[in-house]
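Work through these exercises with the model open beside you. Try each task before reading its solution.

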Amino acid sequence: MCDNNSCVGCKNPYTYEDVEKIANFLRSKVDIKPRIGLVCGTGLGGIPALMTDTVTFPYGEIPNFPVSTVAGHDGKLIIGYLSGTPIVCMQGRFHFFEGYPLWKVVLPIRVMKILGISILVLSNAAGGINSSYSIGDIMFLKDHINFVALGGHNPLQGDNEEKFGPRFVAINDSYDREILKLAKNTAKELGIKGVQEGVYCCIGGPSFETVAELRAMKMLGGDAVGMSTVHEVITAMHCGIKCFAFSLITNKCPMEYDGKNTPNHEEILDVGKERQDDVRKFVERLFKNLAQFKVK
Ligand SMILES: O=P(O)(O)O[C@@H]1C[C@H](O)[C@@H](CO)O1
Ligand code: HPA
């Protein structure tokens, strides 16, 4: 194993104090104290355009931060207001398939925790497994199946940092029921069509899935599949942040051996663009409604 702290097998070398230094760098440049964190998935990078009073940090300019390498992920941390609420937004995230160890994929969540967030909203692009889903649907996550963790890769592996949370953490209640209810009401208020509630399966990527794998996911209760989000949720749960996540269903997964529905990243980006107005409307109103939300 090399010692550059970037290999998949490398142990997390960042202490609480190391993460605090990153947060302090950001605090030295901006007075806003964010209450909510937002992670924008592929094709949903237009959401920060709704923010006001922003201060933008390209990832490359934040000391000891990773950089984004995926098309559709801009690679900026933006602090400002959304619907009057102070927030910190990741315009683009890090993925396991980029070659980052999971502790690095989730580093920004710990930075956000130290900045003061108590709620995390995450979005992603995902393939629809559930046959009743259509392209363009928005699926609220009620749970997940994490094939990456089941296969032995978890962002909390390595020495535990007690200042963030305990060694062993329960994640059976990862998607906060109260925020989920609020999100459903928000979508209803706006008359947004194609809203689903389902189970997100996480694979490592970057290859998509075989038909047999997709059929297995369906049998296990999966409704959609993607390559992100759950690592960030585990890390947020570990340090006591409430989570809400949604997937934009960008393609129908190939459940049959007939060569139809072959997924590709360009189509995924296109669907993100096509649905961006509804997604923006939803996120804007959700944050307005979350302004009154009391974290228990
Ligand atoms: O960050 P997300 O999950 O939106 O990234 C997308 C969806 C898949 O994970 C990957 C392939 O399109 O990019
Ligand atoms: O079909 C998919 N599989 C995995 N990840 C994805 N992200 C968008 N669509 C997909």
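Predicted model: local features only at pLDDT ≥ 70, side-chain atom pairs only at ≥ 80, totals over all residues.

**Exercise 1. Describe the cover of helix α3.**
How many of the nine residues of α3 are buried?

Solution. 
- Step 1. Count along residues 107–115: eight of the nine are buried, and the helix is mostly covered.
- Step 2. Name them. The buried residues are Leu107, Pro108, Ile109, Arg110, Val111, Met112, Lys113 and Leu115.
- Step 3. Look for the cover. The elements over these buried residues include the helices α1 (16–27), α2 (102–105) and α7 (230–238), and the strands β1 (36–40), β4 (85–91) and β5.
- Step 4. Step past the end of the helix. Just after α3, Gly116 has a positive phi of about 120 degrees.

**Exercise 2. Characterise the packing of α1 on α3.**
At what angle do α1 and α3 pack, and how far apart are their axes?

Solution. 
- Step 1. Packed helices are described by the angle between their axes and by the distance between the axes.
- Step 2. Apply them: the angle between α1 and α3 is about 60 degrees, and the axes are 9 Å apart.
- Step 3. Assign the hand. The crossing of α1 past α3 is right-handed.
- Step 4. List the contact residues. From α1 come Val19, Glu20, Ile22, Ala23 and Leu26; from α3 come Arg110, Val111, Ile114 and Leu115.
- Step 5. Sort them by class: seven are nonpolar, none is polar and two are charged.

**Exercise 3. Trace the strand pairings.**
Which strands pair with β4 in the parallel sense and in the antiparallel sense?

Solution. 
- Step 1. Take the parallel pair. β1 runs parallel to β4, and five bridges join them. Val39 has Met90 of β4 as its bridge partner.
- Step 2. Take the antiparallel pair. β3 (residues 76–82) is joined to β4 over seven bridges. Here Gly80 is opposite Ile87 of β4.
- Step 3. Inspect the hairpin. Two residues lie between β3 and β4, and Ser83 has a positive phi near 50 degrees.
- Step 4. Check burial: six of the seven residues of β4 are buried, which leaves the strand mostly covered.
- Step 5. β6 runs parallel to β7 (residues 195–202), with eight bridges. β6 also pairs with β9 in the antiparallel sense, over three bridges.
- Step 6. Follow one residue. Ile138 stands opposite Val195 in β7, and also opposite Leu248 in β9.

**Exercise 4. Compare the two ligand shells.**
Which residues surround ligand 1, and which are the closest around ligand 2?

Solution. 
- Step 1. Read off the shell of ligand 1: Gly41, Thr42, Arg93, Asn124, Ala125, Gly205, Gly226, Met227, Ser228, His265 and Ile268.
- Step 2. Find its main suppliers. β5 and α8 (265–274) each give two or more residues to the shell around ligand 1.
- Step 3. Class the shell of ligand 1: three residues are nonpolar, seven polar and one charged.
- Step 4. Turn to ligand 2. It has 13 residues around it, the closest being Ala125, Gly127, Val225, Gly226 and Pro263.
- Step 5. Find the suppliers again. For ligand 2, β5 (119–128), β8 (224–226) and β9 (242–252) each give at least two residues. β5 has the largest share, three residues.
- Step 6. Class the shell of ligand 2: eight residues are nonpolar, four polar and one charged.

Notes
Residues numbered from 1 in each chain as written. Chains lettered and ligands numbered in written order. Near = placed C-beta within 6 Å. Helix = DSSP H or I, 4+ residues; strand = E, 2+ residues; numbered from the N terminus. Nonpolar A, V, L, I, M, F, W, Y, C, P; charged D, E, K, R; others polar. Buried ≥ 20, exposed ≤ 12 C-beta atoms within 10 Å, placed from the backbone. Contact = placed C-beta atoms within 7 Å. Axes fitted to C-alpha atoms, helices over the stretch in contact; angles between N-to-C directions. Left-handed = near helix turned anticlockwise from the far one by under 90°. Pairing = 2+ DSSP bridges.
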